[in-house]
Amino acid sequence: MLSRVANSLFWMSRYLERAENVSRIVDVNLQSLLDYKTLDDKRIKEQWEPLVNTLGDDELFRSLYKKSDSHSVTEFLTYNEENPNSILSCIISARHNARAARDQIALEMWEEVNRLYLFIRSKETKKLWQESPYDFYREIKQSSYKLQGLTSATTIHGINLEFMMMGRFLERADMTSRILDVKHRTLQDAVCGPEEDNNTMIECAAVLRSSSAYEAYQHTYVSGVAPKKVAEFLLLSDSFPRSLRFCVRTFDHFLRKMTGSDPGYFRNEAEKLSGRLLAELNYTTMNEVFAMGLHEYLDHVQLKLSDVGVAIFETYIFYQQTDLAKEIEYQKQQQSQSQSQSQSQSQSQHQTQRQKQQQ
Amino acid sequence: MLFSKYQAEEFFDEMFTAEGQVRPHYKSLQNRFDQLGVNEFDQKRQAVDLSFMRMGVTFTVYGDSEGTERIFPFDLVPRIIPNKEWEYLQRGLEQRITALNMFLHDIYHEQRILKEGIIPASYVLTAKHFRPEFMNCKVMRDIYIHICGTDLIRDDKGQYLVLEDNGRCPSGVSYVLENRQAMRRAFPNLFERAGVRPVDNYASDLLNTLRYVAPNGKDNPTIAVLTPGIYNSAYFEHTFLAKEMGVHIVEGGDLVVRDSKVFMRTTKGLEQVDVIYRRIDDDFLDPCVFRPDSALGIPGLVNAYRAGNVSLANAIGTGVADDKVMYYFVPRMIKFYLGQDPIIPNVPTYLATEKEDLKYMLENTAKLVVKAANEAGGYGMLIGPKATAAEVKDFQARIKAEPRNYIAQPTISLSRHPTYSDLSQMEGRHIDFRPYILYGDKIRIMPGGLTRVALKKGSLVVNSSQGGGSKDTWVLYGDE
């Protein structure tokens with residue numbers, strides 16, 4: 001497969017996963033506001049500001065909006081085109097990449113990406129978002145689910161699927177770590193701090209819902225929502241498909257498929273880093289995480305994820321950007337070396353022809 | 001009763017005779033359409049437009065900062081060509097592409113046609129797209145134009161005429177295939193009864209054509225479609241064809257030349273490419289040879305091409321045959337190379353470089369259509385009868401300044417076709433026709449083509465950039 005196209009498949013999947021996650025996070029946050037007993041400006045600000053910090057660019061936000069409230073933050077994360085991580089920007093980028101890889105994805109898949117783009121671009125949709133955000137975010141999430149179904153139903157198993165899955169799961173791992181990071185203080189305090197805040201339960205539930213993990217969590221633990229277990233579930237569960245460990249394992253699986261390396265061995269930088277991160281997640285306990293500090297640990301994992309992404313790019317996609325001027329020079333040398341006599345003969349023939357005509 | 005108020009007026013109408021009788025090959029269509037009410041027709045129309053939008057069958061409007069995408073307007077009333085007419089067109093088109101390929105081979109080799117004075121040599125040597133640096137360059141199987149999209153029109157008597165030969169990168173074929181799909185969805189029961197020939201073989205015919213010119217007759221060549229990129233207005237078509245053929249679609253940056261061979265950059269390293277269906281003009285192909293500022297091209301591509309390690313379709317230098325001055329000489333080429341008279345005539349043409357013609361052109365500018373020799377897309381053109389006095393004057397000055405660059409033709413009253421108008425009724429609109437001809441191991445002509453229609457009332461300009469739309473074109477197995 002062309003490197004450029006592989007890159008497009010990878011990023012198409014990443015952007016779709018990102019759009020889905022941002023939708024879920026914003027939606028959950030909007031809804032959990034309704035659960036607080038008292039709701040003042042300060043509480044609202046506290047509720048929204050961490051989202052901007054972890055999902056977007058703080059400085060950009062402050063340059064665009066006067067204050068952090070429900071409207072400004074949801075607008076920033078949903079429709080703002082200057083924010084490269086807004087849902088709109090993600091969908092535009094996903095479609096851009098889908099189009100560049102148009103010959104490698106199924107028609108049905110392209111149509112759905114295109115439909116999603118036309119949906120978010122339409123005026124009626126903007127109205128829907130203002131009047132009924134729940135329905136709006138639901139539509140974005142549903143489209144992402146549909147595309148995942150289409151991926152497994154229409155993609156040839158091989159390099160296409162591998163790049164799409166790697167994009168999906170790398171992004172998902174990253175987003176799950178960010179979802180935890182949004183509430184790292186609440187979780188850290190609840191586990192290590194002296195007292196429990198009344199709102200801890202609400203926030204823990206929000207964290208779970210932001211990862212579609214609420215029901216799966218209840219099913220697994222049965223014992224009600226406990227902060228430490230929530231963090232454990234999203235970080236280290238070996239069976240929940242959005243936990244960090246699960247995502248890295250799946251990612252690692254598809255990465256190895258490309259070379260056929262066995263687990264425990266590596267053939268390139270990407271496999272080395274991915275395997276190392278997976279081992280770390282496999283052999284870590286929550287006590288260690290909280291001892292280090294949840295935020296610090298998440299930061300550390302995010303860096304590792306980013307390193308893996310760079311390594312994939314360098315292993316499979318990146319090619320030395322040719323310096324056009326140098327390339328032209330090189331090719332011209334080649335040409336002068338290979339220029340045969342017949343070339344120059346024909347040239348002179350042509351010139352005599354031209355001279356004749358002019359006479 | 002969609003056609004009950006329809007007026008053919010003084011034009012040649014494809015569907016109705018001057019007496020208002022429906023032509024036999026349109027009979028079953030009329031019966032079907034007459035069963036539809038205006039509402040039902042409107043619904044079908046909207047459904048078709050929406051499906052084009054959803055599938056992304058769109059082109060980008062240049063110079064629009066928001067990157068607005070539009071669909072190419074589609075009219076639901078198909079244009080129908082009976083078998084007898086089609087056989088005539090086929091013969092004419094085969095004759096023409098054969099002569100054009102012989103002409104190109106000749107002017108890039110012996111130049112017999114110039115030496116024997118059939119075409120004054122200066123016209124060829126001064127042609128903008130003549131590439132003297134490719135003299136005696138061997139192209140596989142001596143084929144220059146592999147894909148041709150000849151524009152045909154019909155005059156007020158219904159006579160088919162060749163308007164121009166598009167021998168560089170003719171576009172629009174994906175619309176032919178998509179239009180047919182759209183019609184099938186909108187009128188599922190219509191086709192069987194009407195006896196319409198399918199157009200679906202185009203992609204596999206194209207693939208065969210490209211395989212045939214693989215360097216050194218290589219058995220299983222790697223083929224790629226070269227596109228300027230996703231912002232090009234025809235990108236949809238490029239991906240469409242690549243997908244249908246199952247070959248790679250590449251941009252200039254995906255290719256690199258080493259040891260006079262062309263390679264694609266893949267996730268597994270470099271992979272050699274043998275045949276490139278390029279949708280980039282000569283000028284942008286290789287910055288070493290042509291425009292040095294071209295970021296679309298591949299440095300060294302021409303080296304590989306000269307070395308015979310890669311085939312390009314169409315070959316480099318075919319643009320000379322698209323020159324509107326060269327068009328004037330096509331009937332002579334046919335006579336010279338094939339010893340035949342042209343089957344489909346040209347539109348009478350005046351050359352500004354000929355003294356008599358120039359005089360006539362300047363005296364009658366307001367009656368004529370004046371065209372720049374190397375423009376396309378309806379640009380650089382004056383339609384005398386529709387132009388203001390200032391525009392006429394402007395063109396007269398241009399003709400005098402650069403006579404080599406201008407030709408003139410009488411204003412042809414293009415045939416008209418019933419077309420569903422903004423007023424929700426059938427009205428006559430001018431049309432033209434672009435069939436697609438493939439030249440490989442044999443000549444293959446898709447039984448159909450792109451019928452373009454000038455949607456504006458009275459307009460003669462069918463180009464999509466200037467308010468044109470398209471129709472499905474049915475070539476029938478029989479004559480009615």
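**View 1. A salt bridge joins Arg4(A) to Asp254(B).** In this predicted model, the closest N and O atoms of Arg4(A) and Asp254(B) lie 2.6 Å apart. A salt bridge here is a side-chain nitrogen of Lys or Arg within 4 Å of a carboxyl oxygen of Asp or Glu. Between chain A and chain B the count is 2 salt bridges.

**View 2. Polar contacts link chain A and chain B.** Look for 14 residue pairs in polar contact, both residues at pLDDT 80 or more. A polar contact is a pair of N or O atoms within 3.5 Å; within protein, one must be able to donate a hydrogen and the other to accept it, and residues adjacent in sequence count only if both atoms are side-chain atoms.

**View 3. Chain A and chain B bury about 3900 Å² between them.** Carbon and sulfur atoms carry 50% of this buried area (the accessible area, with a 1.4 Å probe, that two parts lose on being put together, summed over both). On the chain A side, Leu2(A), Arg99(A) and Asp103(A) lose the most area to chain B, together 16% of what that side buries.

**View 4. The contact draws on 42 residues of chain A and 43 residues of chain B.** Contact means heavy atoms within 4.5 Å.

**Notes on the model.** The model scores ipTM 0.83 and pTM 0.88. Residues are numbered from 1 along each chain as its sequence is written, and chains are lettered from A in the order in which they are written. Local features need pLDDT of at least 70, side-chain atom pairs count only at pLDDT 80 or more, and totals for chains, interfaces and linings use all residues, while side-chain values use heavy atoms, leaving out hydrogens and water.
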